[in-house]
Amino acid sequence: MVNPQLLFMKQVLRKREYYLILHLDENKVRNILSKLMHALINGYQWLRKPFLWAALQIWILCASIATQGQLYYDYYNSQNGLSQNSVYSITQTNDGFMWFGTQEGINRFDGKYFTKVLVNYNKQDVNEMDYGEFSKLINVLFHDSNDWLWVGTAKEISIYNRYKNKFFKPGFIYKNFGIPLDANIVQITELNRQIWVLTLNKGLFCYDLKYKKMMDVKCENPISKKIIAIQKDSHGNLWFCDSKEVYQQINGTFIAQKKISQAIGTSGIANMTIINKDLWIINGNRKILFFQIGPNEIGPVKYFTKEFQGKASISDANTIHQSSKDIMWIGSRSGGLLKINLQNHQYESLTDNTDRPTLNTKFVLSFYTDKQNITWVGLSGGVLKFDHKDTKIELWKSQANDQKIATDNNILSIYSQNDRDFYMGTMTGGLLHLNWNRKEYQYYLPTNIGSKLSESKNIYEIIGGENNLIWMATWGGLYSFNTLTKQFFEYKDFDDEQTLLLCSIIKLKQSNKILLGGYNGGLRLFNIDTKRFEKFRIRYRF
């Protein structure tokens with residue numbers, strides 16, 4: 001698929017100028033321009049007819065609109081560093097890293113490079129688990145609200161501490177957690193402050209994060225050993241399904257929904273999900289059906305093939321995923337994937353409008369939509385990354401105004417906690433605050449603390465803190481800024497050159513300390529509570 005280019009063609013007709021904006025791929029543009037140049041050179045009379053010019057412009061516009069249906073994606077596989085190409089699970093952690101579970105273990109992706117998680121096991125620690133002995137097929141990766149990364153395989157369940165590169169028994173992190181050994185994990189999720197674990201051979205399990213204990217799962221029927229999926233609807237009700245029945249939790253007990261079971265028949269259930277107000281089912285024959293679900297009722301069954309239209313379809317659906325309110329995806333075992341618009345009930349396949357060669361595999365194993373609304377698709381042959389086609393870059397820069405401080409658009413660092421107020425460190429202008437909604441900005445300098453302004457104006461990095469503070473590494477040392485009072489505070493030790501000429505700053509996760517790095521070649525810790533600097537002692541070799 002050739003990336004579309006925005007081309008401008010200026011046409012002159014009867015002393016009037018027309019501008020056509022072509023949003024076409026290179027081959028189509030080259031073909032159109034070739035025909036137009038041939039016609040102009042040979043003096044074709046029809047080109048002088050205004051209505052034919054209008055028709056030509058409409059045709060070009062239609063071709064442009066057609067290209068907007070393309071699915072734009074990046075493709076990663078073992079040639080890009082992925083340790084193995086079958087990607088069964090995907091998640092993202094708070095630090096922005098993407099994690100991929102494959103047939104050969106876990107991979108971390110930083111946006112450019114893949115890093116395989118390696119064994120780091122201390123057999124003397126009874127709370128650790130030996131990753132080297134794990135089943136290497138990673139069925140599930142799940143990041144919970146407490147920033148822990150869960151790992152589920154065909155035989156194990158563990159929690160990965162990505163800061164120490166250690167795998168721990170879940171009961172070490174969450175007191176009283178426990179499920180049977182050799183459980184084949186197929187889903188781990190957090191719903192209503194409870195961790196739910198679904199298995200293919202041991203049943204369904206629930207751990208309450210508030211009460212720190214395993215909870216009994218109440219069901220009107222004996223719970224099957226093979227659980228397929230669990231979901232929460234827009235009313236806060238939980239639903240789960242095994243291979244035969246769909247259950248809704250009513251007053252704390254899961255009740256079988258006979259209306260859905262009758263519609264499914266004897267084919268069974270391959271997958272289930274809830275999208276907006278509809279419960280979607282992939283039955284055992286790989287057909288797709290859905291029901292509208294209300295607080296106290298279930299609507300009539302509807303079929304995907306009757307309610308949605310597109311150029312191509314798939315006959316063996318495997319999984320369903322919602323990436324936004326209006327967009328859902330269907331992945332198959334051999335037919336690739338579909339992107340569905342829930343508003344206009346239209347869908348498109350990966351190969352509908354693309355010039356890129358067909359991928360080697362069309363077996364879709366997993367989906368995940370990250371915090372940037374990028375949808376990742378795990379295949380049996382790599383990973384697809386679908387980004388917004390209509391992403392645009394908007395330039396903002398400060399303009400000269402009546403402030404005494406000169407404007408400075410040399411931005412060294414940016415920090416925002418709410419995506420509305422941006423605090424930027426500049427080269428010579430100090431701290432720049434921009435309110436993006438109002439497009440209002442203000443420069444601030446620490447003039448009230450007697451510091452050397454030529455040094456403190458160089459703000460190289462900014463991080464957030466508590467009590468309305470942000471922390472800054474500057475050429476003049478460490479500073480904090482209160483975003484409410486607009487007041488600076490200065491912290492430095494003139495007897496220690498490592499507290500000056502700072503260029504890097506990070507808040508340590510396990511303590512109330514800040515790690516600082518500078519151009520003098522050393523590291524220092526700053527204790528936020530005592531407001532004192534400490535020497536940084538390296539305990540590990542890197």
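At 45% relative accessibility, Glu440 counts as partly exposed (buried is under 20% relative accessible area, exposed over 50%, partly exposed in between, with a 1.4 Å probe and protein chains only). This is a predicted model, where local features need pLDDT of at least 70 and side-chain atom pairs count only at pLDDT 80 or more, while totals for chains, interfaces and linings use all residues. Residues are numbered from 1 along each chain as its sequence is written, and side-chain values use heavy atoms, leaving out hydrogens and water. Searching the whole structure turns up 11 salt bridges (a side-chain nitrogen of Lys or Arg within 4 Å of a carboxyl oxygen of Asp or Glu) and one cavity of 30 Å³ or more.

**The network around Arg162**

- Asp95, Asp147, Arg162 and Lys509 are joined in a network of salt bridges.
- One link in it pairs the side chains of Arg162 and Asp95, with N to O at 3.2 Å.
- Arg162 sits in the loop between strand 10 (157-161) and strand 11 (166-168), and Asp95 in the loop between strand 4 (87-92) and strand 5 (98-102), so this pair ties together parts 67 residues apart in sequence (strands are DSSP runs of E, at least two residues, numbered from the N terminus).
- Arg162 also forms a salt bridge with Asp147, whose closest N and O atoms are 2.7 Å apart.

**The Arg438 pair**

- Glu440, the residue we started with, forms a salt bridge with Arg438, the closest N and O atoms being 3.0 Å apart.
- Arg438 counts as exposed, with 51% relative accessibility.

**The cavity**

- The largest cavity holds about 40 Å³ of space (on a 1 Å grid over the protein atoms alone, a cavity is a set of points where a 1.4 Å probe fits but cannot get out; points are joined across faces, edges and corners, and the volume is the space filled by probe spheres set on them).
- Its lining, meaning residues with an atom within 4 Å of a point, consists of Gly430, Leu431, Tyr444, Pro446, Ser456, Ile459, Met472, Thr474, Tyr479 and Phe488.
- Seven of these lining residues are nonpolar, three are polar and none is charged (Ala, Val, Leu, Ile, Met, Phe, Trp, Tyr, Cys and Pro count as nonpolar, Asp, Glu, Lys and Arg as charged, and the others, Gly among them, as polar).

Terms used: Helix = DSSP H or I, 4+ residues; strand = E, 2+ residues; numbered from the N terminus. 1 Å grid on protein atoms, 1.4 Å probe; cavity = no way out; pocket = protein on both sides within 12 Å on 5 of 7 lines; lining within 4 Å.
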